Amino acid sequence: MAEIKCIGILTSGGDAPGMNAAIRAVTRAGIFSGFAVKGIYRGYRGLITDEIVDFKTQNVSNIIQMGGTILKTARCKEFTTPEGRQLAYDVLKREGIDALVVIGGDGSLTGARIFANEFNFPIVGLPGTIDNDLYGTDKTIGYDTALNTIMQCVDKIRDTATSHERLFFIEVMGRDAGFLALNGAIASGAEAAIIPEISTEVDQLAELIKNGFRKSKNSSIVLVAESPITGGAMGLAERVKNEFPQYDVRVTILGHLQRGGSPTAVDRILASRMGAAAIDALLEDQRNVMIGIANDEIVYVPFSKAIKNEKPINRDLLNTLRRLSI
Ligand code: ADP
């Protein structure tokens, strides 16, 4: 295995709160262990166009509390082609970068995996996504902050929902995963969560209506995962208007505000631990692994597992939500 002297860091795909804390941790832990560190701007696009800067400890000062990513992020079609990846490899060679830490979601780690195999290039991934949809880690960086944002928003919407005695569908992010919707519903005391993991099993809306919503209350809040599998909040509201016109239904789509804001302590600590662990992994000659956390312990998850496997929803949580919303 060739000796690693210089590590490049990039953030890619959807931004998530805590990415900066991760950049800081990788940079500082890397320098602490004697590596040179370079920051690659705008994800894989900046890798191809050589937007690369030497990082010293000061480059990551005062960023732990900031949302977004100081390295910027981008989506890059070119990197999905062998020609694009060859250009990226040429830039890495020219810059003297011998290993990469990629912070991003499912798509970014898929790209990392392909690149690592194609060029036999050492890459360690960090799960940076509010969706929490990466297999092999209990939590992803950004998820806790997004969950807190959702909870605060739902608390506010509840005030108007109760005053007007209405049914509210609140759409939250998560792509095809229901973690934000389900845990957001529990945290905010919502009536139900409509999530993609269950959509193929039962008609969740029909079940909700059949159960008569919350019998003891005169307003209802239902969190809906954004996925096309659930129909989204708009799709469900349309169904209510047609099939159950007795309900006064309103829709709120929380949208991109879920991605922003200062990361919570949980996300800052998670990102700091994972960032430092990425350097440990490289020192231990680990390759093509994502850093995960399982039962509060750092774990190395092979890219193939993290990307390919569906992360299951904890059914106990569904049961808890049902029991508490009577
Ligand atoms: P996320 O990482 O948040 O899931 P995307 O799915 O948009 O975000 O992926 C981010 C970037 O990762 C893409 O713009 C592309 O450059 C790269 N990528 C995604 N899928 C692949 C793939 N199959 N092959 C190579 N690169 C990929």
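Glu 51 is in contact (heavy atoms within 4.5 Å) with Gly 39, Ile 40, Tyr 41, Arg 42 and Gly 46, leaving aside its neighbours within four places in sequence. The model is predicted: local features need pLDDT of at least 70, side-chain atom pairs count only at pLDDT 80 or more, and totals for chains, interfaces and linings use all residues. Residues are numbered from 1 along each chain as its sequence is written, and side-chain values use heavy atoms, without hydrogens and water.

**Glu 51**
- Glu 51 sits in the loop between helix H2 (43–48) and strand S3 (52–55).
- Glu 51 counts as partly exposed because its relative accessibility is 27%; buried means under 20%, exposed over 50%, partly exposed in between (1.4 Å probe, protein chains only).
- The side chains of Glu 51 and Arg 42 make a polar contact of 2.6 Å.
- Another polar contact, of 3.2 Å, links the side chains of Glu 51 and Thr 49.
- A polar contact is a pair of N or O atoms within 3.5 Å; within protein, one must be able to donate a hydrogen and the other to accept it, and residues adjacent in sequence count only if both atoms are side-chain atoms.
- Val 91 lies 40 residues from Glu 51 in sequence, with 9.7 Å between their C-alpha atoms.

**Whole chain**
- Of the 326 residues, 53% count as buried.
- Residues 24 or more positions apart supply 74% of the contacts with a separation of 6 or more.
- The C-alpha atoms fill a box of roughly 65 × 35 × 35 Å along the principal axes.

How values were computed
Helix = DSSP H or I, 4+ residues; strand = E, 2+ residues; numbered from the N terminus.
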